[in-house]
Amino acid sequence: MKKNLIKGFDKTHLVFIVVLLALSIVGINRYRNYIFDRNFFIAVNVPCDVDIESCFDGSSDSSFDDHPYKKILIKANQAPTCLQEHSCEFFSCVGLNNCEEVQCSERDIVEEEFCYAGRDNQLYFDNTNE
């Protein structure tokens with residue numbers, strides 16, 4: 001006969017309750033981090049000046065921007081409203097923590113993107129796989 005730890009509960013019930021409680025705490029914490037604290041990064045494309053920066057440019061595919069852009073990685077809780085609304089003009093991460101401007105480079109380019117830089121808009125990376 002099993003010895004009860006608490007009247008009406010054996011070790012199996014107690015372990016189940018502890019595991020369920022631990023999973024609930026983890027779930028509540030993740031929900032709070034995501035919904036209330038907005039403790040995650042967002043990626044946003046913002047306009048880029050090809051005369052002074054290395055810029056991405058998408059193909060004619062409508063899923064890409066049709067103007068030169070740079071990518072911004074920023075914590076959602078620190079992002080200004082204009083970034084979330086995609087209305088920032090030449091946004092910069094200067095003075096912001098947890099913010100990174102991603103200028104176009106061979107390691108950051110994805111399929112169907114190009115890199116342009118300089119006054120002559122010279123194409124220097126092309127990842128269209130043609």
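Tutor: Start at Lys71. Leaving out residues up to four places away in sequence, Lys71 touches Val44, Asn45, Phe56, Glu100, Glu101, Val102, Asp108, Val110 and Glu113. Contact here means heavy atoms within 4.5 Å. Lys71 belongs to strand β3. Strands (E, at least two residues) and helices (H or I, at least four) are DSSP runs, numbered from the N terminus.

Student: What kind of model is this, and how are residues numbered?

Tutor: This is a predicted model, where local features need pLDDT of at least 70, side-chain atom pairs count only at pLDDT 80 or more, and totals for chains, interfaces and linings use all residues. Residues are numbered from 1 along each chain as its sequence is written, and side-chain values use heavy atoms, with hydrogens and water left out.

Student: What is the mean pLDDT of the protein chain?

Tutor: The mean is 76, and 75% of the residues reach 70 or more. pLDDT is the predictor's confidence in each residue, from 0 to 100. Where pLDDT is low, the predicted coordinates should not be read in detail.

Student: Why is Lys71 called buried?

Tutor: Buried means under 20% relative accessible area, exposed means over 50%, and partly exposed lies in between (1.4 Å probe, protein chains only). Lys71 has 18%, so Lys71 is buried.

Student: What makes Glu53 and Lys70 a salt bridge?

Tutor: The rule asks for a side-chain nitrogen of Lys or Arg within 4 Å of a carboxyl oxygen of Asp or Glu. For Glu53 and Lys70 the N to O distance is 2.9 Å, so the pair passes. Glu53 sits in the loop between β1 (41-47) and β2 (55-58), and Lys70 in strand β3 (residues 69-75), 17 residues apart.

Student: Are Glu53 and Lys70 buried or exposed?

Tutor: Glu53 has a relative accessible area of 13%, so Glu53 is buried. Lys70 has 4%, so Lys70 is buried too.

Student: How do you know that Glu101 also pairs with Lys70?

Tutor: Their closest N and O atoms are 3.0 Å apart, and they form a salt bridge. Glu101 lies in strand β4 (residues 99-102) and Lys70 in strand β3, so the pair ties together parts that are 31 residues apart in sequence. Glu101 has 25% relative accessibility, so Glu101 counts as partly exposed. Shared partners join Glu53, Lys70 and Glu101 into one network. By the same rule the count is two salt bridges.

Student: What makes up the largest nonpolar core?

Tutor: A nonpolar core is a set of buried Ala, Val, Leu, Ile, Met, Phe, Trp, Tyr and Cys residues joined through side-chain atoms within 4.5 Å. The largest has twelve residues, including Ile42, Val44, Val46, Ile72, Leu83 and Phe91. β1 and β3 each supply at least two residues of this core. The largest share, three residues, comes from β1. Leaving aside neighbours within four places in sequence, Val46 is in contact with Pro68, Tyr69, Lys70, Ile72, Leu83 and Phe91. A second, separate core of six residues includes Tyr69, Val102, Cys104 and Ile109.

Student: Why does Tyr31 count as partly exposed?

Tutor: Tyr31 has 49% relative accessibility, so Tyr31 counts as partly exposed. Tyr31 is placed in helix α1.
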